Amino acid sequence: MSRGFDSSFGPPSQPINVADFLQQANSAVLSGSFTNVSWEQLTPEHRNVVEAEINESISDLKSSLEQVWNSPVLSAHVLRQHESTVASVRGQADAPVPKGRKRKRHVAPEGSESSPEALQLQEKLDAVNLRCWRLTVESALCMRAAKNSDYNALDAPKKTGTGVLQILDHADVGATRSSTPDSLRSPSPDAISYPNAVISLTVYNRISYLPGFLTRSSQHAVLSTQTLGDLLRVLPCASSNMPMEELDAEGDVSGYNITNQTRDHVGCLFCIEDLIYGDGRETADYAEKLITHIQKSPEDKRPQIKKASTSVSETTFNALTLRIHQPYWILHQGNCEHFFVIDQIRLAHASDPPSGYPLMLHLAPTVQDLCRACGKVPAVHSIVGDMRLGESPCLLCAPCWRTMGPPKNDEGVMIVPLVIPFINQ
């Protein structure tokens, strides 16, 4: 059930033309109908009024929370009630266990319920009118343990490209500034406009053992002036890092050259709003091959798509019409598929990084195969043709391979380094 929720998207927004969005947003900024008022722009009197309203509205809530959590009896009562409620919801939502086996239920221990303080607190909680805070049986559909895709291998946004955020001053048209715009500038014909929109998107991959479901791989922020090829170049993908150049020794493959890896756009396509953006090769590119393949399907099952007039390396996000929460398709490296979903389209902000776009905001940790010898350490070598091992190829970690040592007769034995996908080493 949780896999199904993670692979479901939508409902999508209305189509958004990125160029029209930029024009309308900049017009609103220049006309003064949209202003960004910062805390520093407020007068001291206005700040005092805002602070008084905030303190008055949250002081009661803050004191109540501190009173509960500073009391061991009350905090233990709240935690027990929460755990009991969650266990009850899961117990009602679970399907019957076959063959009469019953699952163990964790029952909250008694003890604090008899305390007058706990009873008084429970009466206050029961009197809260916010019924939406209470867990129902349907809440079990959204309860699950943390998965690998929920964690982020990055501790800060990573710069993976060379895109520069441009901020144009109408008093000096054509000048590019990477510094923070003056937030105190009043709207006027000389106001600052933003030729770039920042587009946040999430990339999903198929699960190898469940190809009908998707898992989140990474999240990126690209500029509207960048191309689809700029996005493809920074996608974390093992297929893009696989060694392509074989080392030939007397007619046999003796290894692979992993030093001269190219990241061009040959062999790729994007499918966005029923338009196929190919790689732009002079011969039949991926878009033409896909359309030819689709023509072989029955007419009633044939998707209505057509080839776009521009290629991946020529198409900027400014030229696209996108929908938020609508999945789009990427195909490259033969049969390697990715899906990406637009999360947000917004104007650039003064606090945005000035360069390094596309930015990588999230990267799911890589799950590597374990060593076949020890079963504890991730494998880094694929050993091919070694008679001492039980299988070929055999995945081994560096310590186990050093312990075994090289074979006496190394003819026909090949050591291939495993690909660990990461971006722009």
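Modeller: Start with the salt bridge: a side-chain nitrogen of Lys or Arg within 4 Å of a carboxyl oxygen of Asp or Glu. Keep in mind that this is a predicted model, where local features need pLDDT of at least 70 and side-chain atom pairs count only at pLDDT 80 or more, while totals for chains, interfaces and linings use all residues. Residues are numbered from 1 along each chain as its sequence is written, and side-chain values use heavy atoms, with hydrogens and water left out.

Biologist: What makes Arg388 and Asp386 a salt bridge?

Modeller: Their side chains come to 3.0 Å, N to O. The limit is 4 Å, so the pair qualifies.

Biologist: Why is Asp386 called buried, and why is Arg388 called partly exposed?

Modeller: Buried means under 20% relative accessible area, exposed means over 50%, and partly exposed is in between (1.4 Å probe, protein chains only). Asp386 has 5%, so it is buried. Arg388 has 40%, so it is partly exposed.

Biologist: How many salt bridges does a search of the whole structure find?

Modeller: The search gives 11. One of them joins Glu273 and Arg323, at 2.9 Å from N to O.

Biologist: Why does that pair link distant parts of the chain?

Modeller: Glu273 is in the loop between β10 (268-272) and β11 (275-277), whereas Arg323 is in the loop between β13 (321-322) and β14 (327-332), 50 residues apart. The strands here are DSSP runs (E, at least two residues), numbered from the N terminus. As for accessibility, Glu273 at 28% is partly exposed, and so is Arg323 at 22%.

Biologist: What about Arg346 and Asp352: buried or partly exposed?

Modeller: Asp352 has 14%, so it is buried. Arg346 has 24%, so it is partly exposed. Their side chains meet in a salt bridge at 3.0 Å, N to O.

Biologist: Which residues does a network of salt bridges link?

Modeller: Asp285, Glu288 and Lys307.

Biologist: And how do you know that His362 is buried?

Modeller: His362 is in strand β16 (residues 355-363). Its relative accessibility is 6%, so it counts as buried. Leaving aside neighbours within four places in sequence, His362 has contacts (heavy atoms within 4.5 Å) with several residues, including Tyr151, Leu154, Arg216 and Gln219.

Biologist: Where does the backbone oxygen of Ser149 lie relative to the side chain of His362?

Modeller: That oxygen is 3.3 Å from a polar atom of the His362 side chain.

Conventions:
Helix = DSSP H or I, 4+ residues; strand = E, 2+ residues; numbered from the N terminus. Polar contact = N/O pair within 3.5 Å; in protein donor to acceptor, adjacent residues only side chain to side chain.
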